[in-house]
Amino acid sequence: MKEKTSTPDRLYKVFIYVVLATLAILIIVPVAWVFMASVKENSEFYGNPWALPAGLHWQNFVEAWTEARMGDYMLSSVIVTALALAILLVVALPAAYVLSRFKFRGCKFLNVCFMGGLFINVNYIVVPIFLMLVDGDKFLKSIFGSGFLLNNLVVLALVYAATALPFTIYLLSGYFATLPHDYEEAAYIDGAGYTRTMVKIIFPMAKPSIITIILFNFLSFWNEYIIAMTLLTDPNGTRTLPVGLMNLTQAQQSAAQYGQLYAGLVLVMLPTLILYICVQKKLTQGMTLGGLKG
């Protein structure tokens, strides 16, 4: 027999559904409005802002891609994000494996240092990082005649990867520590070394957790604004997509090219939306496993 649901339980479920539906509307409506506004002509923005577009004005995307240089900015963001993720994985995966699976002198101290990094807000240390790079450029100019630390996408990617290390190592270490040691012992008996065991045995077992940290850090690097704005100082030089979008926002507000502006917003949002839709199940799986095993 089915148990009858009490009135308080039904009211609680109704309340939860109402809250979830409200939150969904608050998220979906602005996103849908931006997509709708991106295909409007400028004259349509002076009427009812909620009116459907009279037609699909795809020229907004062409102008945003070429005239507003959003294509160049997107390429810069792709390069920085991919490079930062590569550096982060190369450093964080072995570091997390060693810190979680081996005991050696200084192990606890290193763990404490990385855990302490979780409590440092990156925005608070942007200025010190900038001043260090300025001093480094001055030193390089005194020796080689030119510096390369500022306005450099590789340096920006290094800063991104360095600031993401504490959280990444913390998440991976917690997952690695829960894996049984039997697999490693069997690999050692078969003649595998430490590196081969790590790459061939441990990393495939930790695939859900690795996918999760890749996705989280991709979103962080792709949408990051403060560090990119601070370290890319040349107004005519390269820009990442969020910084370029902010410049486009300031320029188009005075020029009243609203369609081009919203097309730029769509170009920023679209990659992250597509990525999330494609890997939603893997992301949920990785977060669930991390919560159960960590």
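1. A helix here is a DSSP run of type H or I with at least four residues, and helices are numbered from the N terminus. On that basis Ser 77 belongs to helix H3. Please keep in mind throughout that this is a predicted model.

2. Leaving aside residues up to four places away in sequence, Ser 77 touches Trp 222, Thr 240, Leu 241 and Pro 242.

3. How do H3 and H9 lie to each other, given that their axes cross at roughly 140°? Helix H3 covers residues 70-101 and helix H9 covers residues 207-223, and their axes come within 10 Å. Angles over 145 degrees would count as roughly antiparallel and those from 65 to 115 as roughly perpendicular, and H3 and H9 are therefore oblique to each other. The crossing in which H3 passes H9 is right-handed.

4. The residues behind that crossing can be listed from both sides. H3 contributes Met 74, Ser 77, Val 78, Thr 81, Ala 84, Leu 85, Leu 88, Leu 89 and Leu 93, which meet Ile 210, Ile 213, Ile 214, Asn 217, Phe 218, Phe 221 and Trp 222 of H9. Sorted by class, this contact of H3 with H9 holds 13 nonpolar and three polar residues, with no charged ones.

5. H3 also packs against H8, here at an angle of about 90° and with the axes 12 Å apart, which makes H3 roughly perpendicular to H8. On the H3 side the contact is made by Leu 93, Pro 94 and Tyr 97, and on the H8 side by Thr 197, Met 198, Ile 202 and Phe 203. By class, six of the residues in the contact of H3 with H8 are nonpolar and one is polar, while none is charged.

6. Turning to the aromatic rings, a search of the whole structure gives ten aromatic pairs. One of them joins Phe 102 and Tyr 194 in an edge-to-face arrangement, at 5.7 Å centre to centre and with 85° between the planes. Phe 102 sits in the loop between H3 and helix H4 (107-117), whereas Tyr 194 is in helix H8 (residues 194-205), so that the pair links distant parts of the chain, 92 residues apart. Phe 102 is partly exposed, at a relative accessible area of 25%, while Tyr 194 is exposed, at 57%.

7. Phe 167 and Phe 216 form another edge-to-face pair, with 6.4 Å from centre to centre and 85° between the planes. Because Phe 167 lies in helix H6 (residues 153-176) and Phe 216 in helix H9, this pair ties together parts that are 49 residues apart in sequence. Phe 167 counts as partly exposed at 36% relative accessibility, and Phe 216 likewise counts as partly exposed at 36%.

8. Which residues form one aromatic cluster? They are Tyr 97, Phe 102, Phe 176, Tyr 188, Tyr 194 and Phe 203. Among them, Tyr 97 and Phe 203 also take part in the contact of H3 with H8.

9. A last point concerns the backbone at Asn 151, which has a positive phi of about 55° although this residue is not a glycine. Asn 151 lies in the loop between helix H5 (126-144) and H6, and at 33% relative accessibility Asn 151 counts as partly exposed.

Technical notes. Residues numbered from 1 in each chain as written. Predicted model: local features only at pLDDT ≥ 70, side-chain atom pairs only at ≥ 80, totals over all residues. Heavy atoms only, no water. Axes fitted to C-alpha atoms, helices over the stretch in contact; angles between N-to-C directions. Helix = DSSP H or I, 4+ residues; strand = E, 2+ residues; numbered from the N terminus. Parallel < 35°, antiparallel > 145°, perpendicular 65-115°, else oblique. Left-handed = near helix turned anticlockwise from the far one by under 90°. Contact = heavy atoms within 4.5 Å. Nonpolar A, V, L, I, M, F, W, Y, C, P; charged D, E, K, R; others polar. Phe/Tyr/Trp six-rings, centres within 6.5 Å; stacked < 30°, edge-to-face > 60°. Buried < 20%, exposed > 50% of the residue type's maximum accessible area, 1.4 Å probe, protein only.
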